[in-house]
Every structure is written in structure tokens, then in C-alpha cells.
Amino acid sequence: MIKQSIIENVLEAALSTGGDFSEVFIEDKFVNSIELQSDKVERSISGRDFGIGIRIFSGLQNVYTYTSDFTEEGLLEAAKRAALAISGGGNGIIHPLQKEIIKPIHTIAQLPQTVEHARKVAVMRKANGIARNYDERIRQVGIRYVDEEQNVLIANSEGKFVEDKRVHSRLAIQSTASDGVEMQSGFYGPGAHAGFEFIENLDLHHYAGEASRIAVTMLGADECPSGKFPVIIDNEFGGVIFHEACGHGLEATSVAKNTSVFANRIGEKVAPDIVTYIDDGTLPNEWGSLTIDDEGERTRKNVLIENGILKGYMIDKFNARRMNAEATGSSRRQSYRFNPTSRMTNTYIAPGESTPEEIIASTENGIYAKYMGGGQVNPATGDYNFAVAEAYLVKDGKIGRPIRGATLIGNGAKTLQLVDKVGNNLAHGAGMCGSVSGSLPVNVGQPMLRVSEITVGGTKGE
Amino acid sequence: MDILLFQEELLKRAKDVGFSEAEVYYEKSNSFQVKIFEGEIDSYETSEEGGVGFRGLYKGKMGYAYTEKIDDDSVSFLIDGAKANAEVLDEDDGSDIFGGSEHYSEHSRYSEELANVSISEKIAFIKEVEKKTLAYDPRIVSVNYCVLQDFSQDRVLTNNKGLSLQDKTNGLIVFIYAVAKDGEEMKTGGAVRLTRDFKELDANEIANEAGKEAISSLGEHSIPSRKYPIIMRHDASASLLAAFTPVFSAEEAQKDQSLLKGKIGEEIGTKNFSLVDDPFHPEALLGRNFDGEGVATKKTIIISDGTLKTLLHNRKTAKKEGVDSTGHASKASYKSTLSIAPGNLYIAPGEKSNEELMATIEEGVLITDLSGLHSGTSTISGDFSVAASGFYIKDGKIAFPVKQMTIAGNFYDYMNGIVSVGSDLKFVPGGYGSPSVKVKELSVTVD
């Protein structure tokens, strides 16, 4: 993308004021986005994101600059401008760049850039038809198709020089149902670190059908009661609860500065024995997967909690300095515009032994959360909240009436202690996670599980 | 490559390959951000970036493309991309390229003085804010987010109907979040400032606000979960308004995605509730003199004393209803297709102080912060159920902070439940504003 000799000069200019580490991240990304609404293909845009991020460390100083100017003069100027902020006495040395050849672990069969728009639109129309025909109360369907081909080159003063191609494809379906008075919506958005083969092989009857089924089901739903209930959270995207409740608190971003409730607690029992929590960027072609992270480290399987014991954190190169630890292949950024930091990839609760039937049958009076919406956490306190997209009452071991407007709130560290059943049906769901280094594709996952008590906020009252 | 030459070349080539109308939108931005942790620079970021968005009518259909790499190949990349994107669209939907409004405001959103504040002054200032926040009270155990950022941006919109518009804006934002701890109880509190006048920033005042917010949240108690009269503090109210802004978009209404469809002229809120969009409001940092397709912006009354006057329109939605565009075509950046967004949307202030709003409440809840708005709100049904922080009100006065809560309701009911409106209009980043608002009741669930 840019000549090696220019990169070497930029890395050197970045260290000219005493920094001890410099890095160049070059990104050249191609994006296509198509939207279908009201049965019509309404919007289609394609584009190219291109820019260079330069990072310098001096001890615990972290300086970042980015530019879309790719001329040698422009890059050297940007590196020098960033270096001005460094007041280090370090004697940064540039090791000769060694090109590293990495074997991609996520195979891409059909690069989306080479696939004609017409084929993408054909899949969208098919999904639209399925979602529309699901029920006569479906009033509106929106289909959004997105593909991205991100080419990166990462080089640093330690001699790293590595390139990677990341390809993401996603189809999102939103159905709106109305009975003439009320409106409700349902959403499903499968995605993968894969090419057009993923889109073409999608089970559209399942995904588009589910989006419409959720919307129609919620039309007839009762108001959600408020109070403390045992909550059964179904598999796949249900894992968003632990993404918010624990995952963010295990990122070095908050652990390094002791602002996480999980800081300095390695080896402690933080959850019941049945809980094992893993972040694994190597899962083949999953939405949150990568071959190398955004500072060029190989991704790996990081066991965070094993049988209830806190085992590890997700750590990037910079926070590794503050924590005196090794980086774990967890450094990510949305684009060259973001200084990378530790983030999740595919995070999930490992499967246990209970069957879903057993879990439901053993719940007397609770809530069954079939599909989750998104959520949020305050990493300093661990207080989280998230929305339930499709929920039901559970009475005497049986699933009852659908309920709407359920929000779950609580404290991550406490909720983790209250997991009392873990099912055997692990599955992963695709989402976007927004945090300090931008918005990133991540998978959340879990088998069906039960938390003995969560505060449920609804409109019906107690 | 010179951007003016590039634009000229792009419009010329567009015409040659068969685009009947075409537009080039260019943005160039600079930014600076510094984050402080325990008196040291924790991160320091600068940037210089830009990009070009192209859109054009090809056989009556509007195709889009953008690039951040401006070189010899970019013209072909944009033209070929936009053409392929136009070809895949269904029939003409009324999009066009605009020839220009008669009059444009010359309202300035750029301060030369701000542009000249040195980096060392800015760093010294934000370090001072952190230091003073930590010193506010011994129970402030850390400052977990302390950031100063500033930005400047140039926009240029040029099209082959003879329109050429440009503007320039800058601003500075300060964020600080403090963590307070007492025994096992941990709370955070923050302060945010947006300004174009660096001199008006007062480190003491910012530190006191963040410190006070964190400390006053300590000592929480539970209250019974039920419906309560609510005071939404100005910032919580503005963030709820921001989450429900799509319901005021004519585009959403035309697609059956807003229940305000067909409600123009109807009473949708109480007499105390007026909603205004003012791209020139002096208290808001953002705004614009021309919208995303070059239409002159103006102050728009959306709801007047409870009656819906208009939705937000761009040229396409306005044409469908036989009205004029309200100047709300939005392009979040050169990477975006055209949609609809407000300039500075706010609830019109009333005359009451917060004490007066609270005075008549026997038992109620003051909400100071909402979180989970991106997931706990449905702009389609109007339902919301979101996490909230705040205080219990007893006999017209704040009694104590409440444990983590959720508040739930429906936005359409909410507009009909606004009992009175305070005088303390403030804007949050992103261009949304509100005074504190008293609402008849919402469901409150306490952890």
C-alpha cells in the first residue's frame, strides 16, 4: 500500500523526540451498503475509506495521530507533529522491518467487491418477500445489506510488518407490524467475517421469518411486570448480558487503571462453578473473528473465567505496560481514526449440562427472554441495563404470555454470582459494540442460562 | 491534488458518462484530543482528514459514492461506483439536485480566537480540571474519564446546477467523569461543556459540578417500584428527545415508521409543550446555514403549545406532500446518503425554576441521567424502558439518591404528560436541548 522505505522513515520520525515505540496502521477499506424499504431498493452507496494512523509510546505516554494524506511529506509531517507531544528520554530504536507472512484463518470464498450488485439485491428481495408474507399485519420491512473489505498494513519499531485482509458481510432485517393502533418491530441481523458466500447461504426463511414473528408476537404482548424475577436468557444473542455485565469489565481499558470491579482479582472466585467465560477471535469466520488484531498480534482463545475462577483479561500492547502483563491479541479499532485498545472479539459462556427443557421446567415464576436487544454498562460501577426484544412470562415450569417493554438492570459482578443453570445449546449472535476505540463487529454467545434474580423494569408495575 | 480542480474534473466526467445532474460534497476536518489520567497525559491525538462524496442522477435515479483517497483513480472510482449504485435502484423516487435558495444566513460558527488557543493552554486547563475534581472531596477515588477535544471543519457543496456553498465551524468540548466511593458503594458523576469561547470555561465550576454529581449520588436507598411524578432534568430530557427524534422525520412517517403520520394540526402534547429546531441558536455549538442538499436552513416550530405544526422535511419528502423543504436534509458526512435530521432541536423553555417544578410534588423522582437509550427505546412503538439515575423527592424537596432504576413509558404519552417546563434550557453534544421538565407520571422500577 505504501513503500516499506517510507514506512521506515515515518517510524523513525515518530521516535525523533524520545519515544520508545512507534507504529503505523494503514487502512484501505471498500464498503458497499444497499437499503431496501417499502419493497423498493432505495439507497445504494459504495465507498473507499483510506487513512494512516501513527502511534507513539514513551513509557505510559500514548500519542496518536491520523491522516488521509499518504504522501511521504504528509506522513512525515504527521509523525513529527505527534512526536512533539512526547517528552521522553527514551532511546527508541527501529528494528529492521521483517515481513511476516500470515496464513489467514478465515477463508473468504467470494470477495464482495467482485460480486455484482444485482446478486446482492436478489437476496434482499427474497428476504423482503419472506418477511412481508409472514403475516398480513406486517406493514413495513427494511432490509439492509452491508459488505466491507478492509485491507490493513501494520508496521512498528519492533520490526513488525504484516498485512491482513478482513471481509465482513451482513444482512439486517427489520419488520414492523401494526394492528391499526399500535406498532411493534422485530429485528434480526446475521453477519460473518466472510464473503458473499455467507449471504447466499443464509437461511432466509429463518432470519426474515423470525424478524416478522417477533414484531407480530409483540403486537399482542402484555405489559411487562416490574420486580425481581428469575430470568431465563436464551442462547445466541442472549449472551449480550455477559458482554455488558462482565466482558467490558475484563478489558484492560478499565482493568489497567483499576477502574473495573474485576481489577486485581485474578485467581478469585467471581462466579459459580458452572460459569466459564471465553473470548476467542479464532472461531472460523465468526462476525467478531480476526486473524491478527489491530496491532498485528495473532488472535487467540483467551479463557477469562474458568469454572468460576477469574483467569485473565483482554490486554492490548499499551495497557500491558501499565499492567506489567503480556498482550493477548485483543487490540482493536474501528478504523485508522481510532487509537486501538483492548476489546472483545467473540465472547461466550461455555456450554454446561442442563437442557433448555429442564431449565424452563424448573422455573416457577419468572421471565423468559427469548431475544435480547442491546445494552450498556458503566464499567466503573458494573451497573448494566439492557432491553429484551421478545420476552414471556414463565409460570409453573411453562412458557406463558408474551410481554413487552422489559428492561433488565443490575450489577455485573453480582449477576454473575447468581447464574444457577447453564444449558448445553451454545450459539453465537452478531452485534456491534461501541466503546472508546469505536464501533466494532463482535459476537456474543451463550447457551440458554438462568439467573436466579434480576430486576426487571416494565410499565405494568408490581 | 487540488480539490477545486478535482471537483471540476468530477462534474465534467459525470456529465460525459450520462449523469443529468451531479453534486460533489467535500469535507476537511482537523481535531485534537487529550486525555488526562492522574496528572499525566494518558493519550494525545491529532488528526487531519477529509473526503469527497459524489451523488448524481443517472437515468433518473440517484447513485452515491465516496472516497477518502484522492488521487488520479478516484474520479473513475466515484463515477463508476455511483453509476452502478444508481442502476440497482428501483424507479425514480423524486430525488434531485438543488439549484439553490434565494437567501442564506451568514451566521458564523467559527471562532478565530478559539483556533489560536495553544495546545499547552488546553492541556494545562484540562489537567487543572482533573486536579480540582480529585480534590473536591476525599470520597472521590478516581477520575475515570477526563478529556478535552476540539475540532474544526470545512464543508463545500458544489453541483452542476450552479450552486456552490461553503462553511466553516469549530468548537471545543470537555468531558469529565469522577468515581466516588463510600464503603462498598461506588457512583460516578460527570460534567460536560461545549463552547467556542475558551475563556468562559472555568475549571473550578466544572470540577465542582462533576464532584458534586458523584458525591451527591452516594447514600442511595431503595424506594417502592410504582408510578411516580417525574422531573426530568434538562440533560436527561434532552437525551430522551434525541432518542425519539426520528418520530419527527417526514421520511419515517411516509414509510409508516412514525405514529405522527397524518397528525399535522392535531394536539399531540400538552399546552406546555413546544418543540423548536433552530440551527442558529446561540447556546448550541452545532447548526448549519445550508442543509445536506444545499437548502437554506431556518428556525422551525415543530410543535406549538402541543399542536403538531410540521414534520422535518428534505426536498424529496416535501415534494411527496406538496410542501416546501424545511431544510432538514442531512448528510452525516461525505460517506452518507441523504436522510433527515434536525439542526438544534429543543424543547422551548418555560419560566419555572427547578425548585418551583419540584415544590408541588409530594412524592416523586428527579431523573438526572438515562442510559441504554440506544436499545431501550422503540421509535416505532414509542415505548421506552431505560436505566436511570436520580433522586427521591419528598414534600417538594430532594430527599436522597435512589438505587439504580428503570423508567418506562411511551413517548407519545410522555408528550401528553408534560405538566410544566422549567427555564433552564441547556444543550447536550449532538445538538439537542431541553429545560427540566415535569411529567405527570412514569413507571419506576428500583433495583
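In this predicted model, a salt bridge links B:Glu23 to B:Lys331, with 3.2 Å between the closest N and O atoms. On the side of domain 1 that touches domain 3, the elements giving two or more residues are strands S1 (19-37), S2 (40-58) and S3 (61-67) of chain B. Strand S2 of chain B makes the largest contribution to this side, namely 6 residues. By residue class, this side of domain 1 holds 4 nonpolar, 3 polar and 5 charged residues.

Chain B is divided into three parts: domain 1 spans 3-87, domain 2 spans 112-216 and domain 3 spans 220-447. The centres of domains 1 and 3 of chain B, taken over C-alpha atoms, lie 33 Å apart. Contact between these two domains involves 12 residues of domain 1 and 10 residues of domain 3. Together they bury about 910 Å², with carbon and sulfur atoms giving 57% of that area. Three tyrosines stand out here: B:Tyr25, B:Tyr64 and B:Tyr66 supply 48% of the area that domain 1 of chain B buries against domain 3, more than any other three residues.

Attention now turns to the partner chain. Chain B has 72 residues in contact with 74 residues of chain A, and the area buried between the two chains is about 6000 Å², of which 48% comes from carbon and sulfur atoms. The interface of chains A and B counts 10 salt bridges. In one between the chains, the side chains of A:Lys257 and B:Asp42 meet at 2.5 Å, N to O. Polar contacts across the interface of chain B and chain A amount to 47 residue pairs, both residues at pLDDT 80 or more. Strand S2 of chain B again deserves a mention, giving the most to the side of chain B that touches chain A, with 10 residues. That side of chain B divides into 23 nonpolar, 30 polar and 19 charged residues.

B:Ser43 lies in strand S2 of chain B, and it counts as buried because its relative accessibility is 7%, under the 20% cut-off. Beyond its neighbours within four places in sequence, B:Ser43 is in contact with A:Asn62 and A:Asn339 of chain A, and with B:Gln33, B:Val34 and B:Lys35 of chain B.

Methods:
Residues are numbered from 1 along each chain as its sequence is written. Chains are lettered from A and ligands numbered from 1 in the order in which they are written. This is a predicted model: local features need pLDDT of at least 70, side-chain atom pairs count only at pLDDT 80 or more; totals for chains, interfaces and linings use all residues. Side-chain values use heavy atoms; hydrogens and water are left out. Domain bounds come from an automatic or database domain assignment. Contact means heavy atoms within 4.5 Å. Buried area is the accessible area (1.4 Å probe) that two parts lose on being put together, summed over both. A salt bridge is a side-chain nitrogen of Lys or Arg within 4 Å of a carboxyl oxygen of Asp or Glu. Helices (H or I, at least four residues) and strands (E, at least two) are DSSP runs, numbered from the N terminus. Ala, Val, Leu, Ile, Met, Phe, Trp, Tyr, Cys and Pro count as nonpolar, Asp, Glu, Lys and Arg as charged, and the others, Gly among them, as polar. Buried means under 20% relative accessible area, exposed over 50%, partly exposed in between (1.4 Å probe, protein chains only). A polar contact is a pair of N or O atoms within 3.5 Å; within protein, one must be able to donate a hydrogen and the other to accept it, and residues adjacent in sequence count only if both atoms are side-chain atoms.
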